[in-house]
Amino acid sequence: MIHPDLRRAARFLPRGGVGPLALPALRWMTARMSTSSKGGVEVVAIGEQVIRLHRPADASVPTAALLWIHGGGYLLGTPAQDDALCKLLCERLGIVVGAVSYRLAPRHPFPAALDDCFAGLRWLAQQPYVDAERLAVGGASAGGGLAAAVAQRARDEQLSLRLQLLVYPMLDDRTCLRTDIAERDFRLWNNKANRYGWRSYTGQEPGSAGLSAPAVPARCQDLAGLAPAWIGVGTCDLFHDEDVEYAERLRAAGVPCDLHVVEGAFHGFDAIAAKAPVVREFNRAKVEALAAALA
């Protein structure tokens, strides 16, 4: 059942998501809706990609930094769509926030997006105004999945992270195979869209035996040594079960993980109903987790 704070917004939202026919139009709409901040954003090219930088105005010494990765099912989206969130985190915590662009599927399947995001993290860590000992990576939806994959690569390549901030992350292609999920209260993303997203990103059918991490973060066999995690998800989100399972596996591997489950919240609820009390509490938990990790 959808949370009372979110029911009004839910009435006007589609239950599904993106498909091959709708993708061009949705990309156009996303680009039009991704309005940049009026000021305070520096756009830096990194190869063919960009990072939108939000930097504290009064910083006199290197500060902690967050690499933020936008969502969009691995298929669409731009870093500008999260300008408001990135600006808020920068101003409230006094940290550098870099929102990275990445190549999109299906034209650019794995590992293109992951390579772009990890390159963004390495670039951010090398900047003179960033304290490379206080780095975090975060993202929402597919961006959360990419953030989890970046955290896995960072462990393997010995790049230290303080936190992986995973907001209803898209982690496991095997969810596409489930037939026991009631989708009545889902919004914006269902299993039909999920299959299209995973197929486009991995180049394989979801559930294929050949799929593995880091293309599919939940398929990582060894989670030991990963950065501490904060995972937030709603009970009316397709990704709820896979996110909860990933949190439990992280804890079992000795990785600190704060799991924040919101009863009755659907996918993308924090962006849709930003002023709702339940969203304010969700955002407060995110900010506090990031502040504690980067202190």
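Mentor: Helices (H or I, at least four residues) and strands (E, at least two) are DSSP runs, numbered from the N terminus. The model discussed here is a predicted one.

Trainee: How many helices and strands does the secondary structure of the chain come to?

Mentor: The chain has 295 residues, of which 56% count as buried. Its secondary structure comes to nine helices and eight strands.

Trainee: What is the radius of gyration of the chain, and what does the globule rule give for 295 residues?

Mentor: Along its principal axes, the C-alpha trace spans about 55 × 40 × 35 Å. The chain is as compact as a globular protein of its length, because its radius of gyration is close to the value from the globule rule.

Trainee: In which loop does Gln-158 lie?

Mentor: Although Gln-158 is not a glycine, its phi is positive, at about 60°. Its relative accessibility is 76%, so Gln-158 counts as exposed, the cut-off being over 50%. Gln-158 is placed in the loop between H5 and strand E6 (163-167).

Trainee: Is Ser-141 buried or exposed?

Mentor: Ser-141 also has a positive phi, near 60°, and is a residue other than glycine. It is found in the loop between strand E5 (130-140) and helix H5 (142-156). Buried means under 20% relative accessible area. The relative accessible area of Ser-141 is 9%, so this residue is buried.

Trainee: Which residue does a cis peptide bond join to Pro-106?

Mentor: Pro-106 has its place in the loop between strand E4 (96-100) and helix H4 (112-125). Omega of the cis bond is about 0°, and the residue joined to Pro-106 is Ala-105.

Trainee: What is omega for the cis peptide bond that joins Phe-110 and Pro-111?

Mentor: Pro-111 lies in the loop between E4 and H4. The cis peptide bond joins it to Phe-110, with omega at about 15°.

Trainee: How many aromatic pairs are counted?

Mentor: A pair of aromatic rings is described by the distance of the centres and the angle of the planes. Rings count as a pair if their centres lie within 6.5 Å. By this rule, the number of aromatic pairs is seven.

Trainee: Are the rings of Trp-198 and Tyr-201 stacked, edge-to-face or tilted?

Mentor: The ring centres of Trp-198 and Tyr-201 are 6.4 Å apart. Both residues lie in helix H6 (residues 191-202), three residues apart, about one turn of the helix, and both are buried. Planes under 30 degrees apart count as stacked and those over 60 as edge-to-face. The planes of Trp-198 and Tyr-201 stand at 55°, so the pair is tilted.

Trainee: Which helices hold Phe-269 and Phe-282?

Mentor: The ring centres of Phe-269 and Phe-282 are 4.8 Å apart with planes at 55°, so this pair is tilted. Phe-269 is buried, with a relative accessible area of 0%, and Phe-282 is likewise buried at 0%. The pair links distant parts of the chain, 13 residues apart: Phe-269 is in helix H8 (residues 269-272) and Phe-282 is in helix H9 (residues 277-294).

Trainee: Over which ring does the charged end of Arg-55 sit?

Mentor: A charge sits over a ring only if it is within 6 Å of the ring centre and within 35 degrees of the ring normal. The charged end of Arg-153 sits over the ring of Phe-118, 5.6 Å from its centre. For Arg-55 the distance to the ring centre is 3.7 Å, and the ring is that of Tyr-129.

Trainee: How many charged residues are in the lining of the largest cavity?

Mentor: One cavity of 30 Å³ or more is counted, and the space in the largest cavity is about 40 Å³. Its lining consists of Asp-172, Arg-174, Ala-218, Glu-242, Glu-245, Tyr-246 and Arg-249. Of these, two are nonpolar and none polar, while the number of charged residues is five.

Trainee: About how much space lies in the second largest pocket?

Mentor: Residues that line the second largest pocket include Gly-16, Pro-20, Asn-190, Lys-192, Tyr-196 and Arg-199. The lining divides into four nonpolar, four polar and two charged residues. The space in this pocket is about 160 Å³.

Technical notes
Residues are numbered from 1 along each chain as its sequence is written. This is a predicted model: local features need pLDDT of at least 70, side-chain atom pairs count only at pLDDT 80 or more; totals for chains, interfaces and linings use all residues. Side-chain values use heavy atoms; hydrogens and water are left out. On a 1 Å grid over the protein atoms alone, a cavity is a set of points where a 1.4 Å probe fits but cannot get out, and a pocket is an open set with protein on both sides within 12 Å along at least five of seven lines; lining residues have an atom within 4 Å of a point. Grid points are joined across faces, edges and corners, and a volume is the space filled by probe spheres set on the points. Ala, Val, Leu, Ile, Met, Phe, Trp, Tyr, Cys and Pro count as nonpolar, Asp, Glu, Lys and Arg as charged, and the others, Gly among them, as polar. Rings of Phe, Tyr and Trp (its six-membered ring) pair if their centres lie within 6.5 Å; planes under 30 degrees apart count as stacked, over 60 as edge-to-face and the rest as tilted. Buried means under 20% relative accessible area, exposed over 50%, partly exposed in between (1.4 Å probe, protein chains only). The radius of gyration is taken over C-alpha atoms; the globule rule is 2.2 Å times the number of residues to the power 0.38.
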